[in-house]
Amino acid sequence: MSTDILRFATAGSVDDGKSTLIGRLLYDSKSIFEDQLDAVERTSRSRGEEQTNLALLTDGLRAEREQGITIDVAYRYFATPRRTFIIADTPGHIQYTRNMVTGASTADLAIILVDARKGLQEQSRRHAFLATLLQVPHLVLAINKMDLVDYAQERFEEIKEEFSAFAAKLDVADLTFIPLSALNGDNVVDRSPNMPWYDGPSLLHHLENVHIASDRNLIDVRFPVQYVVRPQRADDADLHDYRGYAGQVAGGVLKPGDEVMHLPSGLTTRISRIATADGDVAEAYPPMSVTLLLEDDIDISRGDMVCRPNNQPRASQDIDAMVCWMSESRKLTPRSKLILKHTTRTVKVVVRDLLYRLDINTLHRDEEADGLSLNEIGRLSLRSTQPLFADEYKRNRLTGGFILIDETTNATVGAGMIVGAD
């Protein structure tokens with residue numbers, strides 16, 4: 001199904017070469033059309049640049065091209081015979097941290113770029129922390145611009161050692177270091193003869209071969225109901241009593257005949273069929289979108305959860321979560337009232353307490369903080385009007401994540417990761 005799709009985000013400090021790297025990947029893997037390349041070459045010439053500026057392939061906004069930076073999250077798609085890729089090119093500036101959170105929240109892998117001349121910057125550490133906070137399973141530290149330090153192994157080892165010491169404080173499951181030059185294509189698609197001392201894979205080889213199938217939670221069955229399918233076609237006997245429950249599998253493996261439980265009622269039944277747009281299937285697993293048909297008629301509606309009788313998510317109205325605040329117009333303070341959207345369930349919440357604000361450069365916890373401003377991250381205690389069927393974010397990113405919405409403007413103002421539920 002989707003196991004051959006790799007979603008990855010690029011991040012790093014300003015001018016570390018993120019957009020150039022993606023441009024190089026697209027160019028060297030023959031994933032851009034001739035007219036796109038012609039337009040980029042024409043723009044590069046008109047700006048008086050010596051060689052084709054591959055960063056222009058992803059920096060689409062006029063403001064981005066003029067300033068030579070990335071502002072919004074740019075999504076790009078390309079494929080090789082082994083795998084299909086979805087790239088989120090996220091901005092490096094501190095005021096766009098929320099964009100980085102958006103781009104990395106669904107990523108299987110994050111590439112943190114570091115300029116070999118400057119070494120680890122504050123923003124590099126910030127993005128590495130955010131990637132681990134968002135439980136991105138695989139991390140690649142790409143040490144770029146090696147051509148500007150004469151491809152020196154000593155410089156590579158120095159940065160590798162410095163980052164390894166920082167990563168020891170974080171929850172990093174899989175960490176890979178790759179020296180490269182995005183401008184010249186060294187170690188991007190093919191191994192570079194300029195760095196004979198490096199015996200690891202090129203970046204594209206690593207992206208094609210990194211194992212992601214085991215990253216998804218295939219143990220805890222979680223199926224948030226998105227829509228109840230009731231065609232009620234009187235002229236079609238098969239559809240006359242059809243009642244299906246559509247949604248995306250958030251965890252575990254579902255098969256016809258499996259005993260399942262409905263929450264919040266606690267009633268149990270068995271799956272009779274699993275339907276998809278292409279017909280019935282023998283099993284469903286994340287991130288498949290399917291329709292479940294059950295043996296018994298149960299009152300199930302949007303926002304409910306289907307799980308295993310002996311493996312249930314926590315049903316709780318009290319939630320502890322790490323929240324990244326994304327609103328420019330208002331500050332998050334205790335007693336704030338918001339709307340929370342978790343899987344397919346939408347409830348009203350009140351902020352009971354701000355436990356601490358986190359300095360994501362030093363990882364210091366400020367317990368005296370009275371609120372969160374734009375791009376700040378903190379740990380909150382929330383109380384909801386209805387129970388949420390949730391897991392911890394580190395166990396399941398789909399049932400452990402949520403967004404916060406402003407009641408008056410309907411704007412998304414925060415992204416949260418559940419730490420615990422009481």
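At 41% relative accessibility, Arg-352 counts as partly exposed. Here buried means under 20% relative accessible area, exposed means over 50%, and partly exposed lies in between, with a 1.4 Å probe and protein chains only. This is a predicted model, in which local features need pLDDT of at least 70, side-chain atom pairs count only at pLDDT 80 or more, and totals for chains, interfaces and linings use all residues. Residues are numbered from 1 along each chain as its sequence is written, and side-chain values use heavy atoms, with hydrogens and water left out.

Arg-352 has a charged partner. Asp-318 forms a salt bridge with Arg-352, and their closest N and O atoms are 2.7 Å apart. A salt bridge is a side-chain nitrogen of Lys or Arg within 4 Å of a carboxyl oxygen of Asp or Glu. Asp-318 lies in strand S15 and Arg-352 in strand S17, so the pair ties together parts that are 34 residues apart in sequence. Strands are DSSP runs of E with at least two residues, helices are runs of H or I with at least four, and both are numbered from the N terminus. Asp-318 counts as buried, at 16% relative accessibility.

Now look at Lys-331 and Asp-370. Their side chains meet in a salt bridge (3.4 Å, N to O). Lys-331 lies in the loop between S15 and strand S16 (337-342), and Asp-370 in the loop between S18 and S19, so this pair ties together parts that are 39 residues apart in sequence. Lys-331 is partly exposed at 36% relative accessibility. Asp-370 is exposed, with a relative accessible area of 51%. Elsewhere, salt bridges that share partners join Asp-115, Arg-117 and Lys-145 into one network.

The whole structure holds 18 salt bridges. One of them brings together the side chains of Asp-304 and Arg-345 (3.3 Å, N to O). Asp-304 sits in the loop between S13 and strand S14 (305-307) and Arg-345 in strand S17, so the pair ties together parts that are 41 residues apart in sequence. Both Asp-304 and Arg-345 are buried.

Next come the strand pairings. Two strands pair if DSSP finds at least two bridges between them. Strand S15 (residues 314-325) pairs with S19 in the antiparallel sense, over 10 bridges. There, Met-322 stands opposite Arg-379 in S19. Strand S17 (residues 345-359) also pairs with S19 in the antiparallel sense, over 8 bridges. In that pairing, Asp-353 stands opposite Ser-381 in S19.

Turn to the interior. A nonpolar core is a set of buried Ala, Val, Leu, Ile, Met, Phe, Trp, Tyr and Cys residues joined through side-chain atoms within 4.5 Å. The largest such core has 70 residues. Those with the most contacts inside it are Phe-8, Leu-25, Ile-111, Phe-163, Leu-203 and Leu-207. Strand S4 (residues 109-115) gives the largest share of this core, 6 residues. The core draws at least three residues from each of domain 1 (5-215) and domain 3 (314-420); the domain bounds come from an automatic or database domain assignment. Apart from this core lies another, of 21 residues, among them Val-351, Leu-354, Leu-372 and Leu-388.

Leaving aside its neighbours within four places in sequence, Leu-25 is in contact (heavy atoms within 4.5 Å) with Phe-8, Phe-78, Val-188, Val-189, Leu-203, Leu-204 and Leu-207.

What of the cysteines? Cys-307 is buried, with a relative accessible area of 0%. Cys-324 is buried too, at 1% relative accessibility. A disulfide is a pair of cysteine sulfur atoms within 2.5 Å, and by this rule the count comes to 0 disulfides.

Last, the backbone. Most residues other than glycine have a negative phi, and most peptide bonds are trans. A cis peptide bond joins Leu-263 and Pro-264, with omega about 20 degrees. Pro-264 is in the loop between strand S10 (259-263) and strand S11 (268-276). Another cis bond joins Pro-286 and Pro-287, with omega about 0 degrees. Pro-287 is in the loop between strand S12 (279-280) and strand S13 (289-294).

Gln-135 is not a glycine, yet has a positive phi of about 55 degrees. Gln-135 lies in the loop between helix H5 (122-133) and strand S5 (138-144), and is partly exposed at 22% relative accessible area. Asn-375, also not a glycine, has a positive phi of about 70 degrees. Asn-375 is found in the loop between strand S18 (364-366) and strand S19 (377-390), and is buried, with a relative accessible area of 9%.
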